[in-house]
Protein chains: 2
Amino acid sequence: MNLPTKTPLSEALRQLVGQSVDAIDTPALVLDLDAMKRNLARMAEFAKKHDIRWRPHAKMHKSSALAKLQMQAGAVGVCVQKTSEAEAMVAGGVNNVYISNEVISPAKLARVAALSHQLAAEQGQLGIAVDSSEGVSRLAQAMNACRTATGIPAVTDVFVEVDVGQGRCGVRPGKAAVALVHEIRKHPALRFAGLQAYQGKAQHLRSPQERRDAIGGVVRDVLATRSLIEAEGIPVDLVTGAGTGSFVLEAASGVFGELQAGSFLFMDNDYAKNERDPAQPQFEHALFVKTQVMSAHAEHVVCDAGHKSHAIDSGMPRVHGLGAEPQLQYFNGGDEHGILRTTHPDAKLPALGATLWLIPGHCDPTVNLHDTMVGVVGGLRSGKVERIIRIDARGALT
Amino acid sequence: MNLPTKTPLSEALRQLVGQSVDAIDTPALVLDLDAMKRNLARMAEFAKKHDIRWRPHAKMHKSSALAKLQMQAGAVGVCVQKTSEAEAMVAGGVNNVYISNEVISPAKLARVAALSHQLAAEQGQLGIAVDSSEGVSRLAQAMNACRTATGIPAVTDVFVEVDVGQGRCGVRPGKAAVALVHEIRKHPALRFAGLQAYQGKAQHLRSPQERRDAIGGVVRDVLATRSLIEAEGIPVDLVTGAGTGSFVLEAASGVFGELQAGSFLFMDNDYAKNERDPAQPQFEHALFVKTQVMSAHAEHVVCDAGHKSHAIDSGMPRVHGLGAEPQLQYFNGGDEHGILRTTHPDAKLPALGATLWLIPGHCDPTVNLHDTMVGVVGGLRSGKVERIIRIDARGALT
């Protein structure tokens with residue numbers, strides 16, 4: 001139900017380009033472009049070294065500009081969770097989009113089919129996940145209607161989602177997946193493209209061993225399901241999944257052919273709390289909320305960023321120490337305020353008007369609160385604004 | 001940093017008007033206009049009966065259309081928390097706006113001064129809160145610069161915020177407030193308009209007695225501070241404050257002249273958990289997230305509304321029983337999903353494709369996730385869409 005997103009940037013935002021970071025009004029979502037590019041290069045190198053495809057999740061950055069940057073660095077395309085996110089990506093020029101989620105409403109499936117036909121006409125590709133025979137037959141119906149209307153012989157890639165331990169969407173591993181594969185193969189407008197296997201609960205297990213155990217179970221489930229499908233003479237071209245917390249394990253499994261990790265690009269505070277697997281590249285925090293102290297008191301100060309500026313589903317943001325140990329802790333001050341107290345008895349509270357940088361607990365829903373990211377080069381202390389990045393799938397919920 | 005908000009509504013949204021609720025795509029923010037109007041009438045009646053002004057908080061609905069509806073029902077104006085919210089309200093035709101919060105950045109204060117002058121020229125009024133002498137002098141400086149530039153003799157209403165127990169912004173009750181009143185009165189472009197006294201922590205104390213105790217303390221703090229100011233021969237024209245959880249107490253105090261409660265209009269699940277004070281009108285839930293079951297399993301189903309559709313800072317949403325006892329409980333399924341399980345052993349899970357209605361835990365940050373509300377008359381079961389309400393201060397963070 002979001003408004004059209006192709007409105008021009010405001011004059012104030014356009015004038016910001018080329019200015020110092022000091023000119024950025026608060027609160028604002030600021031992207032350290034240098035750190036982001038280093039994260040991107042590390043992931044590209046990892047994928048190359050392990051000879052595995054990567055399709056980062058655009059539900060995280062919701063920006064077609066960043067999706068295209070990732071594809072220039074070697075990503076095969078992007079994942080999204082919503083039909084309207086796919087529409088925003090395609091409208092922004094991304095031609096390879098996979099909806100790694102189920103769509104069941106006929107109205108939405110008509111939009112999915114339209115996107116599939118548009119991308120087919122542009123030598124692109126659309127994919128989608130399913131976990132029910134109703135979902136398959138409704139998708140086929142929408143594709144057939146669109147094929148009749150357009151005359152384009154588009155084929156959508158369809159992945160069977162297997163519940164590998166998250167307990168959310170997906171069929172149980174084993175026979176249920178095989179039955180769904182047969183359903184898909186009945187329809188010429190659908191191609192059985194492989195298995196969707198994402199274990200969200202494994203991503204924030206703190207120790208590498210816990211994550212290894214969890215992904216070990218994922219791999220066993222996927223192997224068992226794949227064997228049953230292959231036993232019927234049907235090839236399973238691709239297994240796709242993995243997040244920033246676990247992707248080194250899926251990459252090493254020999255079973256997964258594609259990685260969906262998205263958060264590595266920005267790195268939030270929750271992922272930083274994971275004990276890093278030695279095989280995982282060291283990613284840097286690249287996403288910050290710039291905020292200002294707007295009320296100062298003897299024992300605390302108040303900043304102008306509350307949870308309308310950053311999501312708190314994965315905890316409060318961390319105050320960035322800009323290289324030094326952070327001396328301040330952020331406490332929930334409601335929708336529009338953050339309350340800050342010192343963490344050491346000898347630390348000083350910042351003055352009224354001082355700038356602070358927050359590292360969000362969870363980047364995905366934080367990005368979704370903003371229309372734009374201010375892209376900065378040269379660091380947060382003395383850098384300058386290089387570009388304004390539009391979050392063109394912000395609020396794309398349907 | 002938000003984009004201009006005056007973009008036209010999408011064709012899909014405009015076509016929705018006049019259609020059945022069934023045509024609303026999911027997830028969507030739906031406003032039961034009948035329930036909202038009854039809530040509005042109850043508040044108007046309460047204020048009239050208690051002979052008290054009301055200035056509902058527009059940080060909740062973030063819609064200039066609803067602000068004007070409230071003013072037609074008798075509200076004197078609206079409160080906002082942010083300069084950009086004030087700008088959105090004024091741009092939408094609201095001519096009496098109070099920023100019940102501190103602004104310290106000179107760039108923002110220039111915008112505050114510009115708004116104050118614009119409203120003065122339109123026979124409207126701007127107000128703002130302060131809690132530091134730095135804030136007062138910077139505001140005066142911005143007002144003087146704007147007066148010089150425009151030639152308009154605008155005067156901003158300035159309220160001294162007193163910390164009445166929330167431990168966030170505001171000066172301590174007593175002498176610190178008096179000092180600030182003197183600071184304000186040095187500047188001809190500022191008028192000392194009274195005291196801002198809001199106790200956020202009191203709003204969700206569950207029993208009426210706990211809330212009475214908390215607001216009793218607020219009233220003592222306000223009285224002590226007011227007496228000290230009046231002892232210097234300075235009148236305190238207005239004490240403003242109160243939220244939906246406590247406003248009957250501020251109204252009965254004889255000290256408060258204006259109520260800021262905002263959530264009563266929509267009523268969220270967190271406020272519904274309060275044991276109602278007998279003096280408080282019974283407000284109804286008017287704000288819902290319409291969602292659809294998009295994945296169905298033996299022990300649970302999954303809907304398409306996660307915490308990018310509704311805020312979870314005050315707990316998970318409640319599934320609306322549409323008159324009957326709700327048989328389903330919502331569990332966190334992440335950014336884009338909700339997981340639903342039955343609450344009674346003999347209850348049935350809804351089918352794939354079924355519609356559900358969620359009552360958000362907290363309405364303010366939920367509204368801020370959406371660009372529009374779909375206004376429905378005739379109820380959620382069989383009503384129709386009457387209008388699309390633009391959330392024109394959505395994302396107004398600065």
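In which sense, left-handed or right-handed, does helix 5 of chain A pass helix 6 of chain A? Helix 5 of chain A crosses helix 6 of chain A in a left-handed manner (left-handed: the near helix is turned anticlockwise from the far one by less than a right angle; right-handed: clockwise). The model is predicted: local features need pLDDT of at least 70 and side-chain atom pairs pLDDT 80 or more, while totals for chains, interfaces and linings use all residues. Residues are numbered from 1 along each chain as its sequence is written, and chains are lettered from A in the order in which they are written.

**View 1. Packing of helix 5 and helix 6 of chain A.** Helix 5 (residues 83-91) and helix 6 (residues 106-121) of chain A pack at about 25°, with axes 10 Å apart (axes are lines fitted to C-alpha atoms over the stretch in contact; angles run from 0 to 180 degrees between N-to-C directions; helices are DSSP runs of H or I, at least four residues, and strands of E, at least two, numbered from the N terminus). The two helices of chain A are therefore roughly parallel (angles under 35 degrees).

**View 2. The open sheet of chain B.** Eight strands are arranged in the order 2-9-8-7-6-5-4-3 with parallel pairing (at least two DSSP bridges between two strands). Strand 2 (53-54) and strand 3 (78-80) of chain B are the edge strands, each pairing on one side only. Three bridges join strand 3 of chain B to strand 4 (residues 96-99) of chain B, and B:Val80 stands opposite B:Ile99.

**View 3. Contact between chains A and B.** In this interface, 57 residues of chain B are in contact with 57 residues of chain A (C-beta atoms, placed from the backbone, within 7 Å). Strand 10 of chain B supplies the largest share of its side, four residues.

Note on methods: Two residues are in contact if their C-beta atoms, placed from the backbone, lie within 7 Å. Angles under 35 degrees count as roughly parallel, over 145 as roughly antiparallel, 65 to 115 as roughly perpendicular and the rest as oblique.
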